[in-house]
Every structure is written in C-alpha cells, then in structure tokens.
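Biologist: I'm new to this one. Can you walk me through it?
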Amino acid sequence: MARVELVMPKMGESIIEATILDWTVEVGGEVEQDEPVLEIATDKVDSEVPSPIDGVLVEQLFNKGDVVPVGEVIAILETEAEGGDDAPAATGGDEKVAASPVVETTVSSNGNGHHTPAPVLEPVGAQVGGPLKSREGSNFYSPLVLNIARTEGVSMVELEGLTGSGRNGRVTKKDILAYVKGPREVPAVKEAAPVQKKAPAQKAAPAAAAAPVGDYHMVKNRTFSHSGNVEIQEMDRMRKMIAENMVYSKHVSAHVTSFVEADLTNVVLWRKKNKVAFQEKYGEKLTFTPIFVMAIAQALREHPRINVSVDGDKLVVKKDINVGIAVALPDDNLIVPVIRHADRLNLVGLAAAVNDLASRARINKLKLEELEGGTYTMSNVGTFGNVMGTPIIMQPQVAIMATGAIRKKPAVIETEAGDFIGVRHMMFLSHSYDHRVVDGALGGRFVKRVADILESWDMNTSV
C-alpha cells in the first residue's frame, strides 16, 4: 500500500493558515477521490479539503479547532493504487499531496486589507502550550462566523442561542447570515455583565528572541506593566495579522513620504455639475475615488518604475496596472479590493468597479481573487476628514498614496493680467515609497504628476 500525506492547501497568497472546523471522515474510514475529508476556515472563507485519492484515512495529525499553517501535513491516507491517473504512484514511501480546497466565495468583512502573508516562523495567533482554538463561550465557531457576528453586532448570547445546520449542530455561515437578515430575537438568557476591576501591576516577562525573516529580523516582543483603571482586551486574529503585516512593512522597507498640495477646483466643480446626470445615465454614483484612480493609473503608465515589487536584489516590473483601494469596514478593520487593469478603464468603468467592490466589501461578498494582485494602492484618508497621512506600503509593492480631505482655502491664482487671491478647493496628496528602490526624485515626480493630472481636469469633459 502507498501512504499519501494530505497537506493544508494554499488558498491565495494572503492565506497563511487555516482552522480545522471538523473532520468529515474518521480514522479508518474509506474515502473516494474528491470526497471531502475535513472542513477548514480562515478569516475570509470556509471550505472543504477533498481527498486526492481513493483510499483510507489512517491518521489525523490535528484536532478540531487547531490552527494549521499552509503546507503542513494534516492527515495520512493509504491507497491500494499502484499508479495511474487516479492516484499518486506508489513508491514504497510517503507521497505528499496538497489538496485543492473547495472554497466558498464569501469573504469576511474584517479582512486586513494587507494581503502580503505575514513572514513569521509560527502561525499568527499561536499560543504557548497549544494551538489557538476558535471558541467563544461554550461552543465552537469558525473564524468566519465570529467575524460576521462581530460585524453585524450579534452578541455571544444570541450566537449561542442559534441552532446550527452544520455537523454536530455547528453554526455555519449560512445560519448566521440567515439570522441577521431575519427578525433577531435575543434568547432569554442573561449575559453576565463584564466586571471591570483594577488590573494588578504585571511583571515584565523576558523579551522573546528575534525571529529571522530573510535578511531581516523581527523586532523583539516586550511586555509592559499596567496600572490604574484599565481593561485588558485580546486582539482578534485579524488585528494580529494586520499588526504583523504593518510591522513587517516598516521593517523591510525604507519608508519616505513626499507631499504635494493640488488644486482640485476643476474636479470639484465638474463633479458637482455632472454627478446627477452621471448617475441617471449609468446608474452609478460618481465619487472622487474613480477620478483619483484614473489619475494614478495614468501616472503609473508614465512611471513604470513605481509599478514594481522587490524580490531580494531584483526588481519585478509589473506590466499590468492593478490599483487597490482601501475600504474601511464597519468593525473598523480595513480591506483592499483590487481594480485590475485600471489603466484600461474609462471613468464609467472605474466608477462601476469602485462602487461594486466597496459595497460588496462591506457586506462580506468579495472573492479571494479580488483581494490579490495589486501593484499599487490608494487610501482616501480624506473620507475621515484627515488632511493628509503617511500610509504604510503594502508589501511587496513599493509605494502607496493617500488622498486627503478637499478643503476650500485662499490661494494665489496666476493669470496673464497678474496674480490675485481666490478661494480654491485644495487637497494634499501623500506618497509613501520604498527608498531602497525609489529615490526622492522619482517618488516626488510621481506624486507631482498625479497632482498635475487632477489640476488639468477639463471642465468640458462630457458624461
């Protein structure tokens, strides 16, 4: 008999681990090729892992609730096949097979917006003394179910009162979505109010050893003592992943930010004049975001050295221009869907793409492929009333732009008859770039070019 190692499958470049929800085949059970062996979950999707062969499950290497890194062996199968099209060839040793998961396309709303896998030596969320369990209260819930519950404001009392349709009564994504869409009734169970008490001073623990990451080392972890009236809250798993990615980006890239103030008066007045007609004609709301994306995409065509990524001591020049747009979610997390081939779309196409991606991001309906492949990112911090920001680069990209709030300000207007002071609609553009590969001249020219494109907007542009 040939022994086949079943490994945790890769489900997109941003997925580095998954939680085992349940084993659908017990040890000793027969399984057919493509039949589900176990159910897994990430913060983005729930999925099934099918068997790559006809055989028998002889060993489960992890338990329900365990968090397993991608590529880790999770089970051992045995097959009587001696080669052929339906099974790996029997070589007398173990064969390692990475199963292709059957993935649901619903994406959790608490995505991090940062799709570079966190380059750490142990899975994010791993705990000393054992793997992280996706448990809250007395029942087992997948990360996806918990994220939907948090986003929709479903309390643990409500969640534990649901009757699940999954195996062993487990609450599934369909159960929680059906609950939030219907009349929500809080079960008659009193939830104990959290007791807030003064936290005792904590002794500082020894700093953890630095973990090597390529040619770099992660910053050592430190613990601090806390006093006074405080409440200690555990970061959720997605926030931990965001933290890992942000620290890594600042650690690996030499961040520099250049600022330019742009006169958006033409853009503001043109949009005000045409937004109603635009929506009536195309059925799409016209915001400033697609206009900004259009200017960025044009500038990227003219500055291909910005549209790159770094691989060791090599530059990977991207021929496609795929612009990610940061979307803030109801739970205060961030996700970055990607507009592919943004330079090939006109304003109508960009408006449709922005509106569609942003709206589906907020209701957990994005697909994995819509979060991958970005070559440049834009974050509209002006949405929150911020005039400028210093955004952190999304690895392995080398630059990111923040657009600030558009404000009326007095400005010098140059004319052939002389200069005068007028009220203009002004906005700051903040361009953060990786100084390892983008020098100040190129980084500065790029953001200035984006500003020039916006300032030269033709007021006679038709809709």
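Biologist: Where does Asp34 lie?
Modeller: Asp34 sits in the loop between β3 and β4 (36-41). This is a predicted model, where local features need pLDDT of at least 70, side-chain atom pairs count only at pLDDT 80 or more, and totals for chains, interfaces and linings use all residues. Residues are numbered from 1 along each chain as its sequence is written, and side-chain values use heavy atoms, with hydrogens and water left out.
Biologist: What counts as a strand or a helix here?
Modeller: Both are DSSP runs, numbered from the N terminus: helices are H or I with at least four residues, strands are E with at least two.
Biologist: Back to Asp34. Buried or exposed?
Modeller: Asp34 counts as exposed, at 59% relative accessibility. Buried means under 20% relative accessible area, exposed means over 50%, and partly exposed is in between (1.4 Å probe, protein chains only).
Biologist: What about the phi of Asp34?
Modeller: Positive, about 75°, although Asp34 is not a glycine. Most residues other than glycine have a negative phi.
Biologist: Which other residue has a positive phi although it is not a glycine?
Modeller: His341 is one, with a phi of about 50°. His341 is in the loop between β21 (338-339) and α7. The relative accessible area of His341 is 26%, so it is partly exposed.
Biologist: Which peptide bond is cis?
Modeller: The one from Gln395 to Pro396, with omega near 5°. Most peptide bonds are trans. Pro396 lies in the loop between β22 and β23 (399-403).
Biologist: Let's do strands. What does β3 pair with?
Modeller: β3 (residues 30-31) pairs with β6 (residues 55-60), in the antiparallel sense, over 2 bridges. Strands pair if DSSP finds at least two bridges between them. Val31 stands opposite Gly55 in β6.
Biologist: How many bridges join β6 to β8?
Modeller: There are 4, and β6 and β8 (residues 73-79) run antiparallel. Val56 has Glu78 in β8 as its bridge partner.
Biologist: And how do β16 and β17 run?
Modeller: Antiparallel, with 4 bridges joining β16 (residues 308-311) to β17 (residues 314-317). Asp311 is bridged to Lys314 in β17. These strands form a hairpin with 2 residues between them, and Gly312 there takes a positive phi near 65°.
Biologist: Helices next. How many residues does α6 have?
Modeller: α6 (residues 289-302) has 14 residues. From first C-alpha to last, α6 reaches 20 Å, close to the 20 Å expected at 1.5 Å a residue. The expected span is 1.5 Å times one less than the number of residues.
Biologist: Why is α6 largely enclosed by the rest of the structure?
Modeller: Because 10 of its 14 residues are buried. Among them are Pro290, Ile291, Phe292, Val293 and Leu300.
Biologist: At what angle do α5 and α7 pack?
Modeller: About 75°, with the axes of α5 (residues 265-282) and α7 12 Å apart. So α5 is roughly perpendicular to α7, a label for angles of 65 to 115 degrees. Trp270, Phe278 and Tyr282 of α5 make the contact with Leu347, Val348 and Ala351 of α7. Contact means heavy atoms within 4.5 Å. Axes are lines fitted to C-alpha atoms, for helices over the stretch in contact, and angles run from 0 to 180 degrees between N-to-C directions.
Biologist: New topic. Where is Glu370?
Modeller: In the loop between α7 (347-362) and β22 (376-380). Glu370 is buried, at 17% relative accessible area.
Biologist: What does the side chain of Glu370 make a polar contact with?
Modeller: The side chain of Arg360, at 2.6 Å. A polar contact is a pair of N or O atoms within 3.5 Å; within protein, one must be able to donate a hydrogen and the other to accept it, and residues adjacent in sequence count only if both atoms are side-chain atoms. Glu370 also touches others beyond four places in sequence, including Val336, Pro337 and Leu357.
Biologist: And Thr257, where is that?
Modeller: In strand β15 (residues 255-263). Thr257 is partly exposed, with a relative accessible area of 24%. A 2.8 Å polar contact joins the side chains of Thr257 and Ser432. The C-alpha atoms of Thr257 and Asp434 are 9.0 Å apart, although 177 residues separate them along the chain.
Biologist: Last one. How many helices and strands in the chain?
Modeller: It has 8 helices and 25 strands. Of its 463 residues, 47% count as buried.

Key:
Parallel < 35°, antiparallel > 145°, perpendicular 65-115°, else oblique.
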